[in-house]
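Let's take a friendly walk through this structure, one stretch at a time. Have the sequence and the 3D view ready as you read.

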Amino acid sequence: MEYVNEAGLIIQLNQRLLYEHSTPATTRVTQDSTIKDIVLNGQTAIMMIHDNDIIHLEWLTADQIKMSVFGLLPADEMILLAESLQ
């Protein structure tokens with residue numbers, strides 16, 4: 001799912017069900033990205049802050065769904081958005 005506001009800023013949500021024999025789920029990270037471990041609703045998550053201020057959150061749910069949210073929002077707002085998806 002993707003949302004674009006009048007200014008052209010994008011927020012994107014991706015969900016992918018992972019099966020035992022499915023293709024591995026990978027994420028590209030550039031050297032200019034800052035990576036932080038965080039907790040979203042009790043689940044370990046990764047926050048990547050890219051050099052263009054885009055924030056990418058990624059976590060795996062208990063039922064093996066890889067969740068990913070990214071866009072140009074302040075970190076605290078991106079965390080609130082991600083927590084509301086549970």
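This is a predicted model: local features need pLDDT of at least 70, side-chain atom pairs count only at pLDDT 80 or more; totals for chains, interfaces and linings use all residues.

Helices (H or I, at least four residues) and strands (E, at least two) are DSSP runs, numbered from the N terminus. Residues are numbered from 1 along each chain as its sequence is written, and side-chain values use heavy atoms, leaving out hydrogens and water.

D53 is not a glycine, although its phi is positive, about 70°. Buried means under 20% relative accessible area, exposed over 50%, and partly exposed in between (1.4 Å probe, protein chains only). D53 counts as exposed because its relative accessible area is 54%.

Another non-glycine with a positive phi is N41, at about 50°. N41 sits in the loop between β3 (34-40) and β4 (43-49), and its 41% relative accessibility makes it partly exposed.

Now turn to the loop between β5 (55-60) and β6 (65-71), where you will find T61. Why does T61 count as buried? Because its relative accessibility is 13%. Leaving aside residues up to four places away in sequence, T61 touches Q43 and M67, where contact means heavy atoms within 4.5 Å.

Finally, look at the strands, which pair if DSSP finds at least two bridges between them. β1 (residues 2-4) and β2 (residues 10-17) are antiparallel partners over 3 bridges, with V4 bridged to I10 in β2. β2 also pairs with β6 in the antiparallel sense, over 7 bridges, and L17 stands opposite I65 in β6.
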